[in-house]
Amino acid sequence: MELRQLRYLVAVVDEGGFTRAAARLHLAQPGLSAQIRQLERELGQPLLDRSGRSVTPTEVGRAVLPYARAALAAADAVRQTVDEHTGLLRGRVTLGLVSGATGHAFDVAAFLADFHASHPALEIALTEDTSERMQAALLAGEIDIALLGPTAEEPPPGLSYRTVIDAPLGAAVAPGDPLLDPADRTAVPLAELRDRPLICLPHGTGVRAALERGCARAGFRPRVAFEAASPQVLAQLAARGLGVAVLPLGEEGAGVGDGLRALRLVGTGGLRARIVLARPATGPTSPAARALLDRLGDALPDVPESAGTRAGSPV
């Protein structure tokens with residue numbers, strides 16, 4: 001009996017079949033099946049029932065599984081203990097990032113390159129998605145840490161936030177737009193966008209949630225004519241006169257290039273764009289994730305929440 005055979009057994013049970021287990025283990029399915037059959041021959045009992053649409057453990061297999069999992073956990077603990085004493089991290093860590101989350105304030109590529117150089121045996125994965133889906137992925141344990149824009153006023157149960165960017169929300173408009181009259185104007189009431197075509201990030205993002213909350217308080221629904229996942233694309237659409245782009249001021253696209261002017265949006269309770277470092281409330285479980293969180297904590301600014309944010313308009 002070998003540890004890898006026990007690992008294969010657990011994978012087949014967890015995935016409910018050989019095909020998905022082989023993909024998870026990066027093995028050829030015939031080789032995986034052969035190893036399981038060899039384990040069954042050594043034990044003298046079938047461990048898996050292959051007669052149904054999905055593979056399930058037999059009665060003996062169910063009795064064996066807790067011991068197989070315990071053996072694998074013990075072996076992993078041995079490796080982890082040795083790695084901690086030698087300063088070597090192994091395993092996999094996943095960082096979630098909302099598109100356009102940090103702009104020029106944080107070079108995520110340089111950060112990950114430096115982190116990888118410090119921990120070459122560690123597999124690092126980066127995934128981009130909407131803030132809403134990344135919050136769900138954090139709660140499900142599918143990603144370890146995320147930089148996202150909260151879509152609700154409070155963190156969902158089970159998550160913890162640390163604010164790293166907090167900026168006013170603004171309207172980026174092309175020259176000649178009526179919103180720029182008078183010429184020295186620097187802010188515009190949100191109500192003036194009532195009948196204007198807007199250009200914004202899609203549903204599930206913090207900026208979009210903040211815009212919709214602000215418009216609801218002002219008594220109207222925003223007329224979003226164009227959506228894009230990149231703030232830079234939003235700004236380009238606005239520069240073509242296709243609408244008013246709603247963006248965090250100071251981030252990429254707001255008042256940068258294309259001759260756009262940025263006006264701060266004014267509304268009840270304040271309108272702000274916030275990016276947070278999100279993690280499970282109990283903290284990351286793996287040493288790799290804890291190391292990534294510590295390094296991120298050192299690299300990112302620690303921004304106190306503004307009065308507008310505390311009033312209930314985080315992004």
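Mentor: Gladly. Let's begin with the names: helices and strands are DSSP runs, at least four residues of H or I for a helix and at least two of E for a strand, numbered from the N terminus. The model is predicted, and its protein chain comes to 10 helices and 12 strands.

Trainee: With those names in hand, where is Pro 182 found?

Mentor: Pro 182 sits in the loop between β6 (159-173) and β7 (187-189).

Trainee: How do you know which kind of peptide bond joins Asp 181 to Pro 182?

Mentor: Look at omega: it is near 5° for the bond from Asp 181 to Pro 182, and the bond is cis. Most peptide bonds are trans.

Trainee: What makes the phi of His 26 worth a look?

Mentor: Phi of His 26 is near 60°, which is positive although the residue is not glycine. Most residues other than glycine have a negative phi. His 26 lies in the loop between α2 and α3.

Trainee: Is His 26 buried or exposed, and how do you know?

Mentor: The cut-off for exposed is over 50% relative accessible area. His 26 has 73%, so it counts as exposed.

Trainee: Then what about the helices on either side of that loop? Why is the arrangement of α2 and α3 given the name it has?

Mentor: Their packing angle is about 105°, and their axes are 9 Å apart. An angle of 65 to 115 degrees counts as roughly perpendicular, so α2 is roughly perpendicular to α3. On the α2 side the contact is made by Phe 18, Thr 19, Ala 21, Ala 22 and Leu 25, and on the α3 side by Gln 29, Leu 32, Ser 33 and Ile 36. Sorted by class, that contact has six nonpolar, three polar and no charged residues.

Trainee: What makes Gln 35 count as buried?

Mentor: Buried means under 20% relative accessible area, and Gln 35, at 14%, counts as buried for that reason. Gln 35 lies in helix α3 (residues 29-43). Apart from its neighbours within four places in sequence, Gln 35 is in contact with Arg 4, Gln 5 and Tyr 8.

Trainee: How do you know whether Ser 131 is buried or exposed?

Mentor: The same cut-off of under 20% applies. Ser 131 has 1%, so it counts as buried. Ser 131 lies in helix α6 (residues 131-139). Not counting residues up to four places away in sequence, Ser 131 touches Val 98, Leu 148, Gly 149, Thr 151, Gly 204, Thr 205 and Gly 206.

Trainee: And what makes α5 and α9 oblique?

Mentor: Helix α5 (residues 108-118) and helix α9 (residues 287-299) pack at about 135°, with their axes 11 Å apart. Roughly antiparallel requires over 145 and roughly perpendicular ends at 115, so α5 and α9 are oblique. α5 passes α9 in a right-handed crossing. Phe 111, Asp 114, Phe 115 and Ser 118 of α5 meet Ala 288, Ala 291, Leu 292, Arg 295, Leu 296 and Ala 299 of α9. That contact divides into seven nonpolar, one polar and two charged residues.

Trainee: How confident is the predictor, by pLDDT?

Mentor: The mean pLDDT of the protein chain is 84, and 87% of its residues reach 70 or more. Over residues 251-256 the pLDDT is below 50, and that stretch has 20 contacts in the model beyond near neighbours in sequence. Residues 306-315 are also below 50, with 36 such contacts.

Note on methods
Residues numbered from 1 in each chain as written. Predicted model: local features only at pLDDT ≥ 70, side-chain atom pairs only at ≥ 80, totals over all residues. Heavy atoms only, no water. pLDDT = per-residue confidence, 0-100. Contact = heavy atoms within 4.5 Å. Buried < 20%, exposed > 50% of the residue type's maximum accessible area, 1.4 Å probe, protein only. Axes fitted to C-alpha atoms, helices over the stretch in contact; angles between N-to-C directions. Parallel < 35°, antiparallel > 145°, perpendicular 65-115°, else oblique. Left-handed = near helix turned anticlockwise from the far one by under 90°. Nonpolar A, V, L, I, M, F, W, Y, C, P; charged D, E, K, R; others polar.
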